[in-house]
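Here's a quick briefing to read with the model open beside you.

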Amino acid sequence: MTTFKTPTLSRRAFVGGVTAGLLTPGFAAYAQLPSNPDVVVIGAGAAGLAATRELMDRGLEVVMIEADGRIGGRAYTDMTTFGVPYDVGAHWLHADSANPYNRYGRDNGFTIYPAKDEWRYFDKNNNEVSEDEGDKIWDDLSDMYRAIGRASDGGRDISAAEATSSVTGPWAATAAFNIGPWSMAKDMTDFSTSDWWNTPDAGPDWFCTEGFGTLVAHYGAGIPVSLNTKATKIDWSGDGVTVETNQGTISAKAVIVTVSTGVLAAGDIEFSPALPDNKQQSFSDISMGTYNHIALQFSKDVFEMGNDGYLIYQVADDGKAFGTLSNAGGHGLAYCDVGGSWATELEQQSVEARIDYALSKLRDLLGSDIDQAFIKGDATSWGQNPLTRGSYASAEPGAYRMRQVLRNSVGDRIFFAGEACHPSQWATVAGAHLSGQSVASNVAREL
Ligand SMILES: Cc1cc2nc3c(=O)[nH]c(=O)nc-3n(C[C@H](O)[C@H](O)[C@H](O)COP(=O)(O)OP(=O)(O)OC[C@H]3O[C@@H](n4cnc5c(N)ncnc54)[C@H](O)[C@@H]3O)c2cc1C
């Protein structure tokens, strides 16, 4: 997820490579699934890892279970597909020093560097426009920011599309693409103005040369986890909780659930007795958007912006477009990112078709010479991943107040953490980490 250069709003970011040792952290696995810990943590993404470490530091016995065969969840760096760090999920370190991974990376030998502000703009006829001309997008973008702010401040928690309908400048569709699909992973019709507006800008974005997923895996190395262990049911009819998994049953005093709202809304984990109606409603009201990378590898910098430049083109009214981070981390990878309903629609196409789609548009913009430098591509499908059921979450129009409901614990023994539970840094790895840490310290105090 990314945003245009934004003086007032900066919500998403990208990658880069270090020592071989850092790229292959080892996991600590339980020899046997412990049966009576104080707390069970479900999910070993950024939130679950931070929660487990916090609980362990406070002297509690914890069992963290993870349905997948690896840790990291939506923050994972694939070193195999391209032979260079490829962040299949999160790539930007948002929120400057408010992102704990910024400091963690520096302290642990990673290369953390600021995202730069270099852009190339193209118009509807695929002609490059001057930066001054391209900056006219700011007129429409600023108008949209103001319109969303007015709606939210006026107590109208409506869709961003409704709030911005009067903005009709030449770059309006491009501005909407930035705020909606490229940032929120949703079309403008599908998210709440209040949710968006009440998220403070936490500062500039940064990159990690070795990959954001590598950073998260490094943090998680050594934290015990039971991989390939899927929670299917949480029974809280008694004093504590009993978590049923495909590897057996674990009884504990409390559970911290860190799976996405997509997984919760789908009912993949049964609660017995059922959770209160309002709580269940919060899972679908803070709904998942779809955001995917179409990653293209080139043997040289065909974008001619050095490392980590941005390429955007004027978006047509149908909103079917992608924004590009070029030559990420100097590794020759371009992230052509799609979001919202167009990303969902594209998931129905083959990976090859999606690569062709992105390559063909870039050919229109940059010329057919790029073909000689093209090596290979890949495309992610987070909407179809059964362990996430989407990319990251935001409130449906009118449902901003349900953020708080999502965060609330149930019965003093079922706690919820994860990106969607953070009050301001939701949809980010930092938010997931901070949410896990904070919920765990509350749990430790209560137990
Ligand atoms: C394509 C993409 C790009 C993104 N870009 C950025 C970015 O640039 N910067 C940024 O900060 N954020 C970005 N994000 C968002 C960020 O990745 C997430 O907000 C964050 O990683 C979520 O962490 P989490 O711990 O809340 O959830 P997750 O990472 O989803 O962790 C939950 C874990 O629970 C596991 N699980 C699911 N069901 C079960 C079950 N039944 N039993 C046991 N385990 C289960 C899952 O496998 C998963 O590992 C992006 C996300 C995507 C998909």
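Predicted model: local features only at pLDDT ≥ 70, side-chain atom pairs only at ≥ 80, totals over all residues.

Residues are numbered from 1 along each chain as its sequence is written, and side-chain values use heavy atoms, with hydrogens and water left out. The protein splits into domain 1 (20-77 + 210-286 + 394-446) and domain 2 (116-198 + 288-384), with bounds that come from an automatic or database domain assignment.

**Where the domains meet**

- The centres of domain 1 and domain 2, taken over C-alpha atoms, sit 31 Å apart. Domain 1 brings 17 residues to the contact and domain 2 brings 15, where contact means heavy atoms within 4.5 Å.
- About 1200 Å² is buried between domain 1 and domain 2, and carbon and sulfur atoms give 54% of that. Buried area here is the accessible area (1.4 Å probe) that two parts lose on being put together, summed over both.
- On the domain 1 side, Ser 394, Pro 397 and Tyr 400 lose the most area to domain 2, together making 43% of what that side buries.
- Seven residue pairs are in polar contact between domain 1 and domain 2, with both residues at pLDDT 80 or more. A polar contact is a pair of N or O atoms within 3.5 Å; within protein, one must be able to donate a hydrogen and the other to accept it, and residues adjacent in sequence count only if both atoms are side-chain atoms.
- Which elements give two or more residues to the side of domain 1 that touches domain 2? They are α10 (261-265) and β22 (392-395). Helices (H or I, at least four residues) and strands (E, at least two) are DSSP runs, numbered from the N terminus.
- That side of domain 1 divides into six nonpolar, six polar and five charged residues. For this tally, Ala, Val, Leu, Ile, Met, Phe, Trp, Tyr, Cys and Pro count as nonpolar, Asp, Glu, Lys and Arg as charged, and the others, Gly among them, as polar.

**Salt bridges**

- A search of the whole structure turns up 12 salt bridges, and the count between domain 1 and domain 2 is two. The criterion is a side-chain nitrogen of Lys or Arg within 4 Å of a carboxyl oxygen of Asp or Glu.
- Lys 186 pairs with Glu 396 in a salt bridge, their closest N and O atoms being 3.8 Å apart.
- Arg 120 and Glu 128 meet in a salt bridge at 2.6 Å, N to O. Arg 120 is buried at 15% relative accessible area, while Glu 128 is partly exposed at 43%. Buried means under 20% relative accessible area, exposed over 50%, partly exposed in between (1.4 Å probe, protein chains only).
- Asp 268 and Arg 389 form a salt bridge at 2.8 Å, N to O. Asp 268 lies in the loop between α10 and β15 (270-272) and Arg 389 in the loop between β21 (374-379) and β22, so the pair ties together parts that are 121 residues apart in sequence.
- Both ends of that pair are partly exposed, Asp 268 at 23% and Arg 389 at 35%.

**Helix α3**

- Asn 99 caps the N-terminal end of α3, with a side-chain oxygen 2.9 Å from the backbone nitrogen of Tyr 101.
- In α3 (residues 100-107), the buried residues are Tyr 101, Asn 102, Tyr 104 and Gly 105. They pack against β6 (112-114), β9 (206-208), α9 (212-220) and α16 (429-446).
- After α3 comes Gly 109, with a positive phi near 85 degrees.

- Ile 250 is in strand β13 (residues 248-252) and is buried at 0% relative accessibility. Leaving out residues up to four places away in sequence, Ile 250 touches a set of residues including Leu 33, Val 40, Ile 65 and Val 243.
- Ser 282 sits in helix α11 (residues 277-285) and is also buried, at 0% relative accessibility. A polar atom of the Ser 282 side chain lies 2.6 Å from the backbone oxygen of Lys 279.
- Not counting residues up to four places away in sequence, Ser 282 touches Met 402, Val 405 and Leu 406.
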